[in-house]
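I opened my notebook to record what I could look up in this structure, entry by entry.

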Amino acid sequence: MSSSFDAINEDNTQCHYPFSASENGAPLRILLVDDQELNRTLVASMLKDMGYSLEVSENGKEAVSKWENGSFDLILMDINMPIIDGIEAPWIIRNHEKDRGDYTPIIAFSADFDKEDSGEYSSLGFDGFVRKPLILPTLIQEINRCIPLRRPKLA
């Protein structure tokens, strides 16, 4: 599904955003990781309504397991979570990718994120960053920017 939507920017101006929730006819698969059920429900609902295929996890340990056993085009990961947090989980994934030969873009989302943190988050394995509360146009822009970074598993 390649389409566009109208939205309101952070500065209250109307804007038109192109997006593609599919590739070659198949919905893009996103792994959404957040320990807060309300966040998972709201974000999953928005992205599913736009045509993305979603799987959810409530902590980093569960996310790593789903990533190891699945195939995702992108991971949207909260930072502050129990068991394995959003700092350790990308580190585990990036180390496993070295052996597998693939690469899954990971977008961090956190209420604590500031633009000054982007260098630190990049060094931790994140490809993109979105501040909570999520603003849909900003999230879609980050998804569109990060999707081209992925590489499938080596055969």
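**A charge and a ring**

I began with the charged end of Arg100, which sits over the ring of Trp67 at 3.8 Å from its centre; a charge counts as over a ring if NZ of Lys or CZ of Arg is within 6 Å of the ring centre and within 35 degrees of the ring normal. I noted that this is a predicted model, in which local features need pLDDT of at least 70 and side-chain atom pairs count only at pLDDT 80 or more, while totals for chains, interfaces and linings use all residues. Residues are numbered from 1 along each chain as its sequence is written, and side-chain values use heavy atoms, with hydrogens and water left out.

**Strand β7**

I then turned to strand β7, residues 74-78, where strands are DSSP runs of E with at least two residues and helices are runs of H or I with at least four, numbered from the N terminus. Is β7 mostly covered or uncovered? I found 5 of its 5 residues buried, meaning under 20% relative accessible area with a 1.4 Å probe, protein chains only. Leu74, Leu76 and Asp78 lie on one side, and Ile75 and Met77 on the other. In a regular strand the side chains alternate between the two faces of the sheet.

**Partners of β7**

I saw that β5 (residues 29-33) runs parallel to β7 and is joined to it by 4 bridges, with Ile30 opposite Leu74; strands pair if DSSP finds at least two bridges between them. Strand β8 (residues 106-110) is also parallel to β7, through 4 bridges, and there Met77 stands opposite Ala108.

Technical notes. Buried < 20%, exposed > 50% of the residue type's maximum accessible area, 1.4 Å probe, protein only.
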